[in-house]
Each structure stands twice: as C-alpha cells, then as structure tokens.
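Work through the following exercises with the sequence and the model at hand, and compare each solution with your own reading of the coordinates.

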Amino acid sequence: MKLKVHQVFGAMQALDAIIRDKRPMPQLGKFRLARMQAKLLPEFQTANAQRAELIRKYGQPRLDGQTEVTRENMALFNAEWEPIAEADVEVDVGPIRLCDLDLSNEGDPVLNGALEASELLLLGDLVTE
C-alpha cells in the first residue's frame, strides 16, 4: 500500500495509543493491528531519524534537555520537513476491516467501539468497512 510519510506518522501515533491502552477487541483485530505496526515501524523510524536531525539543525535545547525548533527557524524546518512528509512510501500492509476491531453485537449503536474517531482519522485508509 502506498502511503505518505505523514500518514505513517499519524498511523503510528494511533496504533501506539490503541496498543498501549489494551483496548477490548477481537483477537484477530489485535493481531492485525500488531502486524500493521510492525510493518509501518521501519518507515517511521527512517523518517523520524530525518525529522530528529532537522530538529537538531533548527532547534535549541530546552531546560528539560529536549531540543525544540525555535520560532524563528520554524519556516526553515517546515521547508525541509514538508518534502519528506509528503514523500510516498510503499508498505506491505493492507487495510483492516472495521468489523475485525469491533466487539459490539451486530452493530449495536449504543456500544462504544475500541477505536476513537480521532484514531480512525489518523489511520485513514488503513481501516475499511
């Protein structure tokens, strides 16, 4: 599946939260989410290393030891990060069906699903009906 780097970042953010929170869902859904995260991880790590280098280049250390991009360098950082974030990457992953993540009984609208709407937005085409 072809994804933009920024989509990989968003998906990893959602997957990390879902996995960390140990959401109730069918075992098949847990399996598929774990496999998806494992397949996205190498692309995320590559792009995140590039992003970290840009943060070091355009940032300055804070009191807590972290480095952040300064306001005056934000435009320069964004100019270099945007082409990376918009680059296409091919990941050997397919979308997960929503029904594989849902414990509700036949679509009972009263029950809350395992994923939040914001996470579904971040996952985008990685989740399908």
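**Exercise 1.** Determine which residues of helix 1 meet helix 2, and describe how the two helices pack.

The model is predicted, local features need pLDDT of at least 70, side-chain atom pairs count only at pLDDT 80 or more, and totals for chains, interfaces and linings use all residues. Residues are numbered from 1 along each chain as its sequence is written, and side-chain values use heavy atoms, with hydrogens and water left out.

Next, the packing angle is about 130 degrees and the axes lie 9 Å apart, the axes being lines fitted to C-alpha atoms over the stretch in contact, with angles from 0 to 180 degrees between N-to-C directions. Helix 1 is therefore oblique to helix 2, a class left over once angles under 35 degrees (roughly parallel), over 145 (roughly antiparallel) and 65 to 115 (roughly perpendicular) are set aside.

**Exercise 2.** Is Glu119 buried or exposed, and what does Glu119 touch?

*Solution.* Glu119 lies in helix 4 (residues 117–123). With a relative accessible area of 7%, Glu119 is buried, as buried means under 20% and exposed over 50%, with partly exposed in between (1.4 Å probe, protein chains only). Leaving aside residues up to four places away in sequence, Glu119 touches Ala14, Ala17, Ile18, Arg23 and Ala114.

Notes
Helix = DSSP H or I, 4+ residues; strand = E, 2+ residues; numbered from the N terminus. Contact = heavy atoms within 4.5 Å.
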